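Please read the following points with the model open beside you. They are meant for someone meeting this structure for the first time.

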Amino acid sequence: MRDFYPEEMRKREWLFSVWKEVSYLYGFEPYDAPIVESLDLLKRKAGEEISQQLYSFLDKSGREIALRAEMTPSLARMIVSRQNSLSMPVKWFTIAQCFRYERMTKGRKREHYQWNADILGVDDISAETEIISMLVCALKKLGLGKDDALVKINSRKIVEDILRSAEISEDLFPKVMIVIDKKDKVSPDDLVEMLEAIPLDKRSAERITGTFEKCQTEGVRSVLGENENVREIESLLENLGGFMDYISFDTSVVRGLSYYTGTVFEVYSKKGSSRAIAGGGRYAGLLEKIGGKPLSGVGFGFGDVVVMDVLEEAGKIQQSGYLLDYYIIPYDKTHFSKAFEIAGAAREKKLSADIDFKCRKVGAALSEAVRKNARFSVLIFPDELKDGKIKIKNMKTQEEKTVLLSEFPVM
Ligand code: HAM
């Protein structure tokens, strides 16, 4: 798990500020929940990786609880408990720290932050249109252009149609989907082996891989013909026309979580990093599963780890706009009370101020002002102070001017 020193925090704050800015631009409201939930809520039995990666433990009352590995179960729980009073559609966002006991590789940590945005209460693809255009807006604001990132869109309903055409029994669909999600990460032989472990006979397993292969090479219509689920995705792509450079329809996207029922999508870097930057989809049955009334949702999780790697590789990381207005440098300890007075005057005017408590020599104190990203340094010298004056140095232009203390702060 990670520590964030101030240098890393500046980058993280910048990323979070873009996520928040885009959320508000699209009219989403913030929400939050505890990082622990009951193990029962988080654990599903579809054989998903995420269920095996939970940090779970007994609390002092012997209850089974776990650190959240994602936000969606907590969101569903919150919606269910106020389902009668919430006004629909719900458009909520959060930036949540999530914990997964993963094998650590590039892009995978045991703890990460995830920006989540979800719309609940809209059954048609207008919700997908909003969610995916918001995702692309965030990519753009982070500086990732159409040559850097790609949103791959598919539908679980299409995957189900493909499995049906490969004559696979419906009760096996959830388990098969989770294996199919690994398709691009393992060899064809390993994939067949994983399908056999479901268990599925070898011929069925090969039929599945063969049918997906055909969709990939000859197009999905060569397998499914005229198909309403394909048509639905086509209208979604049409709706997203303005973002077409960032988007492609791809039958290989399945997603590894079992609750998705319709549209699924993943964002990938077009260069290097193979792990998804973000992923999400439509979940129509999740709320009912945890005791709510039927309510369909669509949303995504956008992690901080992969996108930071991608931005680093592209040289596009920015820092938060954190700036110190004044770094106050007292001549010696006898000038501390004056330094506090000056800092107080600045803070009173909503200007940030910090004091050199170490009373360094001027050169060293000015270097510290640079490190702190200060706009101005305030130098308190005994001679000038006798005349009620202080020196202000503009750290960018290096210009210095002596001003009356009574007139401070002058920006
Ligand atoms: P997910 O695909 O499991 O989806 O995670 C979403 C994103 O979180 C991934 O694309 C990745 O960027 C990041 N992520 C996940 N695990 C790790 C890890 N161990 N280390 C670093 N980054 C990671 C979900 O969690 C869904 N609940 C998203 C969702 C919201 N679907 C609907 N609404």
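Is aspartate 250 buried or exposed?

1. Aspartate 250 is buried, with a relative accessible area of 14%, where buried means under 20% relative accessible area, exposed over 50% and partly exposed in between, with a 1.4 Å probe and protein chains only. This is a predicted model, in which local features need pLDDT of at least 70 and side-chain atom pairs count only at pLDDT 80 or more, while totals for chains, interfaces and linings use all residues. Residues are numbered from 1 along each chain as its sequence is written, and side-chain values use heavy atoms, with hydrogens and water left out.

2. The place of aspartate 250 is in the loop between β8 (247–249) and β9 (263–269); helices (H or I, at least four residues) and strands (E, at least two) are DSSP runs, numbered from the N terminus. Its side chain makes a polar contact with the side chain of serine 252 at 2.7 Å, a polar contact being a pair of N or O atoms within 3.5 Å; within protein, one must be able to donate a hydrogen and the other to accept it, and residues adjacent in sequence count only if both atoms are side-chain atoms. Not counting residues up to four places away in sequence, aspartate 250 touches Lys152, Ile153, Asn154 and Gln216, contact meaning heavy atoms within 4.5 Å.

3. Isoleucine 153 belongs to the largest nonpolar core, which has 74 residues, and is listed with Trp115, Ile247 and Phe302 as having the most contacts inside it. Such a core is a set of buried Ala, Val, Leu, Ile, Met, Phe, Trp, Tyr and Cys residues joined through side-chain atoms within 4.5 Å. Helix α5 (residues 126–141) gives the most to this core, with 9 residues. Apart from it lies another core, of 28 residues, among them Tyr31, Leu75, Leu257 and Tyr260.

4. Which residues of the shell are closest to the ligand? Of the 27 residues that surround the ligand, the closest are Glu70, Thr72, Glu102, Lys109 and Tyr260, where a residue is counted if one of its heavy atoms lies within 4 Å. A nitrogen atom of the ligand is 2.7 Å from an N or O atom in the side chain of threonine 72, and a polar side-chain atom of histidine 112 lies 3.3 Å from a nitrogen atom of the ligand. An oxygen atom of the ligand is 2.9 Å from a polar backbone atom of isoleucine 277. Taken alone, the ligand exposes 660 Å², of which the protein buries 97%, the areas coming from the Shrake-Rupley method with a 1.4 Å probe.

5. Threonine 72 is also one of the buried residues of α4. Helix α4 (residues 72–81) is largely enclosed by the rest of the structure, because 8 of its 10 residues are buried. These buried residues pack against β2 (36–38), α2 (39–42), β5 (90–99), β6, β10 and α12 (286–289).

6. Arginine 282 has its place in strand β10 and, at 5% relative accessibility, counts as buried. The side chain of arginine 282 reaches the backbone oxygen of aspartate 124 at 3.1 Å.

7. Lysine 393, in strand β15 (residues 389–394), counts as buried at 10% relative accessibility. The side chain of lysine 393 makes a polar contact with that of glutamine 398 at 3.2 Å.
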